[in-house]
Amino acid sequence: MRSQRRTRCRTVASPTTTGDAAGVSGTVKGLKEGASTNVTVSGDLLWYNLADNYLSGATLTIDVQGGIGAVAPGIEAKVKLTMTRAPAATPGNITAAVIDSIPLDPPPQGLQLVFDAGPWGVRLRHDRGWYVFHAILDQPPKVAILRLLEEGSLIAQCNISPIPAAPPGEHTPIDEFVSDIRKVLGKSLEEVRTQEVRKLTDRRTLVEVIAVGTVEGTGKDNDGKPVTIQIPMQWRYYIVADASGRQLSCVFTLEESLVEQLGTRDRTLVESIEFLGGR
């Protein structure tokens, strides 16, 4: 979250044998996952051990007011925290050598996140712009919904679902896949722009269909009155199948004006899909 104001501390003249007590108060305002959020921290006691130079305890109230955003459900919470701290008896696992081994400029794959759909036997990797918005993995309708944010704005949504398996070494025929897409999109569909089947690594097959069309949305006219508008859209449909016939369906939905911002991040995500274990 981008901070707009720094926290300030006010010292209380109440010295102890271990250090000084101080009050603390402050507010941070900014965006968290694209939603306007205020976090206010206040407390009467904040203990600092002067002899050993560490924060030894605090009694704080944390008030969070978070708005509803593209991936944030909104939150209003007040948390009361009492904390005491002391040096650990052992150094633990985070040693100076471990810290020194962490690269300051990690490779892109080192920053990826992993999403495991255990009940489906599926794993995928994605960059940190994607957020898991919703997931039902163990009962119908089985779906995981990811949303891509960039500087707080929604770029695309990805719906992922397992679909019936094909015979080993096969996949859903692309003509059948296109026919299903036409039925789902109905009058919104204007054109099927791309149809392609190609092989990936590990004997996986990728079926890709890109469709374009329009959906109705709301806007405002020159007088500020609400009007119905037509929004150009793009839908990118994929099936990923493994050698045993297991299949996963992915559909990316976005406005045509955002295609350039999405780039190839849809393809990167689907090509990362792994089918775990055998069938």
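User: Leaving aside its neighbours within four places in sequence, which residues is Ile160 in contact with?

Analyst: Contact means heavy atoms within 4.5 Å. By that rule Ile160 touches Trp120, Leu124, Lys142, Val143, Ala144, Leu146, Leu248, Ser249, Cys250 and Leu269. A word on the source: this is a predicted model, where local features need pLDDT of at least 70 and side-chain atom pairs count only at pLDDT 80 or more, while totals for chains, interfaces and linings use all residues. Residues are numbered from 1 along each chain as its sequence is written, and side-chain values use heavy atoms, with hydrogens and water left out.

User: Which residues touch the most other members of the largest nonpolar core?

Analyst: The general idea: in soluble globular proteins, nonpolar side chains tend to be buried together. A nonpolar core is a set of buried Ala, Val, Leu, Ile, Met, Phe, Trp, Tyr and Cys residues joined through side-chain atoms within 4.5 Å; buried means under 20% relative accessible area, exposed over 50%, partly exposed in between (1.4 Å probe, protein chains only). Here the largest core has 28 residues, and Trp130, Ile160 and Ile273 touch the most other members. Apart from it lies another core of 16 residues, including Ile174, Val207, Met233 and Trp235.

User: What is the strand order in the open sheet?

Analyst: Strands (E, at least two residues) and helices (H or I, at least four) are DSSP runs, numbered from the N terminus, and two strands pair if DSSP finds at least two bridges between them. This sheet has seven strands in the order β8-β9-β10-β14-β13-β12-β11, paired antiparallel. β8 (130–136) and β11 (189–199) are at the edges with a single partner strand each, so one side of each has no neighbour in the sheet. Nine bridges join β11 to β12 (residues 205–220); in one example, Thr194 has Ile210 as its bridge partner in β12.

User: Which residues of α2 are buried, and which are exposed on the other side?

Analyst: Ile174, Phe177, Val178, Ile181 and Leu185 are buried. They cover an arc of only 95° around the axis, which puts them on the same side of α2; the arc is that of the directions from the helix axis to the C-beta atoms. On the other side, Asp175 and Lys183 are exposed.

User: What do the buried residues of α2 pack against?

Analyst: They pack against β11, β12 and β13.
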